[in-house]
Amino acid sequence: MTRAIFYLALLITSAIFGQTSQEFEVKAAVDTFFEGFHKGDTTLMKSVMMDKVLLQTAYKSKEGKAILVTDEPEKLINAIANRPDDQKWDERLLDYSIQVDGNMANAWTPYEFWFNDTFSHCGVNSFQLFKDGEQWKIIYLIDTRRRSTCEK
């Protein structure tokens, strides 16, 4: 009986760790992206981005109209590379919800954005990733932005 319990526990533990290793790798790719973002290291950011990544932002205008903006990746990269030294951009990820199926993954990350240590806005990032051989790469990033309904 003891042997059966041992093998059952081993099987369950192996299954849990096998399933979550991909999630850890996806989280590491998102973390690498933000490490580069915070340090102003665009090479680090691009190391986890596909060449033709799609970037979008969804928000509501002051009049309440739904807006969807699509940006070129180079616009973000240039903004990071040319950020003045006196500006601190701090995007604080509050949680991770990661789903993986084969070589596709989604990471849902609620966040708060702080500019020079002052709260600016909040929202959610939704990363779509593709496993390009051995590495997870961001292929699509959409975020929401709001100021009035942030829980603080």
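**Close-up views of a predicted model**

**Figure 1. Ala105 and its contacts.** Beyond residues up to four places away in sequence, Ala105 touches Val26, Gln99, Val100, Phe127, Gln128, Leu129 and Trp136 (contact means heavy atoms within 4.5 Å). The model is predicted: local features need pLDDT of at least 70, side-chain atom pairs count only at pLDDT 80 or more, and totals for chains, interfaces and linings use all residues. Residues are numbered from 1 along each chain as its sequence is written, and side-chain values use heavy atoms, with hydrogens and water left out. Ala105 sits in strand E5. Helices (H or I, at least four residues) and strands (E, at least two) are DSSP runs, numbered from the N terminus. Ala105 counts as buried, at 3% relative accessibility. Buried means under 20% relative accessible area, exposed over 50%, and partly exposed in between (1.4 Å probe, protein chains only).

**Figure 2. The chain as a whole.** The protein chain has 3 helices and 7 strands. From the N terminus on, their order is α-α-β-β-α-β-β-β-β-β. Of its 152 residues, 32% count as buried. Among contacts with a separation of 6 or more, 51% come from residues 24 or more positions apart.

**Figure 3. Helix H3 and its buried side.** Which residues of H3 are buried? Pro73, Ile77 and Ile80 are. They lie on the same side of H3, because they cover an arc of only 65 degrees around the axis (the arc is that of the directions from the helix axis to the C-beta atoms). Thr42 touches Ile77 and Ile80, and also Ala81, not counting residues up to four places away in sequence. Thr42 belongs to helix H2 (residues 42-46). With a relative accessible area of 14%, Thr42 is buried.

**Figure 4. Lys75 on H3.** Lys75 is part of helix H3 (residues 73-81). Is Lys75 buried or exposed? Lys75 is exposed, at a relative accessible area of 54%. Its side chain makes a polar contact of 3.3 Å with the side chain of Asp71. A polar contact is a pair of N or O atoms within 3.5 Å; within protein, one must be able to donate a hydrogen and the other to accept it, and residues adjacent in sequence count only if both atoms are side-chain atoms. Leu55 is 20 residues from Lys75 in sequence, and their C-alpha atoms are 9.8 Å apart.

**Figure 5. Arg92 on strand E3.** Arg92 is found in strand E3. Arg92 counts as partly exposed, at 33% relative accessibility. The side chains of Arg92 and Asp90 are joined by a polar contact of 2.8 Å. Neighbours within four places in sequence aside, Arg92 is in contact with Pro110, Tyr111, Glu112 and Trp114. Phe34 is 58 residues from Arg92 along the chain, with 9.2 Å between the C-alpha atoms.

**Figure 6. The loop between E5 and E6.** Most residues other than glycine have a negative phi. Asn116 is not a glycine, yet has a positive phi of about 50 degrees. Asn116 lies in the loop between E5 and E6. At 32% relative accessibility, Asn116 is partly exposed. Asp117 is found in the loop between E5 and E6. Asp117 is not a glycine either, and its phi is positive, at about 65 degrees. Asp117 is exposed, at 51% relative accessibility.

**Figure 7. The largest pocket.** The largest pocket holds about 540 Å³ of space. On a 1 Å grid over the protein atoms alone, a pocket is an open set of points where a 1.4 Å probe fits, with protein on both sides within 12 Å along at least five of seven lines; lining residues have an atom within 4 Å of a point. Grid points are joined across faces, edges and corners, and a volume is the space filled by probe spheres set on the points. The pocket is lined by 21 residues, and Phe37, Thr57, Leu76, Asp143 and Arg145 lie nearest its centre. Elements that give two or more residues to the lining include helix H1 (2-39), strand E2 (66-71), H3 and strand E7 (135-144). E1 gives the most, with 4 residues. The lining divides into 12 nonpolar, 4 polar and 5 charged residues. Ala, Val, Leu, Ile, Met, Phe, Trp, Tyr, Cys and Pro count as nonpolar, Asp, Glu, Lys and Arg as charged, and the others, Gly among them, as polar.
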